[in-house]
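I opened this structure for the first time today. These are my notes, in the order in which I looked things up.

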Amino acid sequence: MKKPDVKIVLLGDMNVGKTSLLHRYMERKFKETVSTVGGAFFLKQWGPYNISIWDTAGREQFHGLGSMYCRGAAAVILTYDVTNWQSLAELEERFLSLTDTANHDCIYALVGNKADLTDSKAQLFQDSDGPVKDRTECEEECEVLSGCPTPPASPTSLPGVMLRKQVINEDAVALYGRILRYKGLDEKSSLPAEKMCFETSAKTGYNVDTLFESLFDLVLPSILRKRHENQQSPTVDLEECRALGSKKARSGCC
Ligand SMILES: Nc1nc2c(ncn2[C@@H]2O[C@H](COP(=O)(O)OP(=O)(O)OP(=O)(O)O)[C@@H](O)[C@H]2O)c(=O)[nH]1
Ligand SMILES: [Mg+2]
């Protein structure tokens, strides 16, 4: 198994769509999920580098594991659900302190998932690798969501019913500022909120590639630094070895 050059961790409350985001990115699919137990990782080859992306359980009972997964992380994706205000509040109340074990130069992204439920652009987005949905399929999904048939199509009508957006981008931007302050970082010399606050849909794929691939580019300096340090003093990262252990598959869980 390849040794990861860098680690990215997904954190956030249960049900916000962390696992679904990873499936969408790695497998190009939106599929049924079961609530994550513990954590699981995927390995992504990005150019000459190997990036491990860790999915964690949002359920309270696994909370204690969070800081272990964050240990040595170069980036943390703090995920919430745009239709659920509490899921944003939980990031600050419950998850932020877990990132104390991340790298000192760790970068933080705030991700509002399920944008397809509130935003027609996200709902109509078509992942280039995903199956093409026809209008009937969209209408069926809409009926499941709303519990009633969609009105007859008109040139301006949306294919689905929108839910109320409980978290707007400004809320995420404000939280990003508070995260920087919590970390003792200066806003002016940190990555700007506009670059680090995303809205995504794991369901349609909206912004999912942009999210992961922007982060991959941003963690490159961390990879280069780590490689340089390893060349200076070649040591074995015991924690990483223990965590990744004898897993032979490309992805796994623990
Ligand atoms: N409409 C919509 N539903 C989504 C989206 N992402 C996830 N879901 C649904 O939300 C539910 C939870 O998704 P998961 O990916 O399992 O959530 P999670 O954050 O991994 O949850 P835990 O593993 O319990 O922490 C599932 O029913 C998904 O189908 C999305 O972008 N849009
Ligand atoms: Mg999960």
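Entry: I looked up Thr36 first. Is Thr36 buried or exposed? Its relative accessible area is 15%. The cut-off for buried is under 20%, so Thr36 is buried. I keep in mind that this is a predicted model.

Next I checked what Thr36 holds. Its OG1 atom coordinates the magnesium ion, ligand 2, at 2.0 Å. Thr19 does this too, also through OG1. I then asked where the two residues sit. Thr19 belongs to helix H1, while Thr36 is in the loop between H1 and S2. The pair therefore ties together parts that are 17 residues apart in sequence. Thr19 counts as buried as well, at 16% relative accessibility.

**Entry: ligand 1.** Asn113 uses its side chain, with a polar atom 3.1 Å from a nitrogen atom of the ligand. How much of ligand 1 does the protein cover? On its own the ligand has 650 Å² of accessible area, and the protein covers 86% of that. I counted the surroundings next. Ligand 1 has 21 residues around it. The closest are Lys18, Ser20, Thr33, Ser35 and Asp116.

**Entry: helix H1.** I went back to H1, which spans residues 18-27. Why do I call this helix largely enclosed by the rest of the structure? Of its 10 residues, 9 are buried, so the helix is largely enclosed. Among the buried ones are Lys18, Thr19, Ser20 and Leu21. His23, Arg24 and Tyr25 are buried too. I listed what these residues pack against. Strands S1 (6-12), S2 (39-46), S3 (49-56), S4 and S5 (107-113) are there, and so is helix H8 (208-232). Just past the end of H1, Arg28 has a positive phi of about 60°.

**Entry: Thr79 in S4.** I picked one residue from strand S4, residues 75-81. Thr79 has a relative accessible area of 0%, so it is buried. Its side chain reaches the backbone oxygen of Ile77 at 3.4 Å. I then set aside the neighbours within four places in sequence and looked for other contacts.

Entry: I traced S2 against S3. In which sense do they pair? They are antiparallel, over 8 bridges. I noted one partner: Phe41 bridges to Trp54 in S3. The hairpin has 2 residues between the strands, and Gly47 takes a positive phi near 60°.

**Entry: Asp119.** I ended at Asp119, in the loop between S5 and helix H4 (120-124). It is buried, at 19% relative accessible area. Leaving aside neighbours within four places in sequence, Asp119 is in contact with Met162 and Tyr206. I also looked at Arg164, which is 45 residues away from Asp119 along the chain. Their C-alpha atoms are 9.5 Å apart.

Technical notes:
Residues numbered from 1 in each chain as written. Chains lettered and ligands numbered in written order. Predicted model: local features only at pLDDT ≥ 70, side-chain atom pairs only at ≥ 80, totals over all residues. Heavy atoms only, no water. Helix = DSSP H or I, 4+ residues; strand = E, 2+ residues; numbered from the N terminus. Buried < 20%, exposed > 50% of the residue type's maximum accessible area, 1.4 Å probe, protein only. Polar contact = N/O pair within 3.5 Å; in protein donor to acceptor, adjacent residues only side chain to side chain. Contact = heavy atoms within 4.5 Å. Donors = N, O, S within 2.8 Å, 3.2 Å for Na, K, Ca; no water. Pairing = 2+ DSSP bridges. Near = heavy atom within 4 Å. Areas by Shrake-Rupley, 256 points an atom, 1.4 Å probe, with all protein chains shown as cover.
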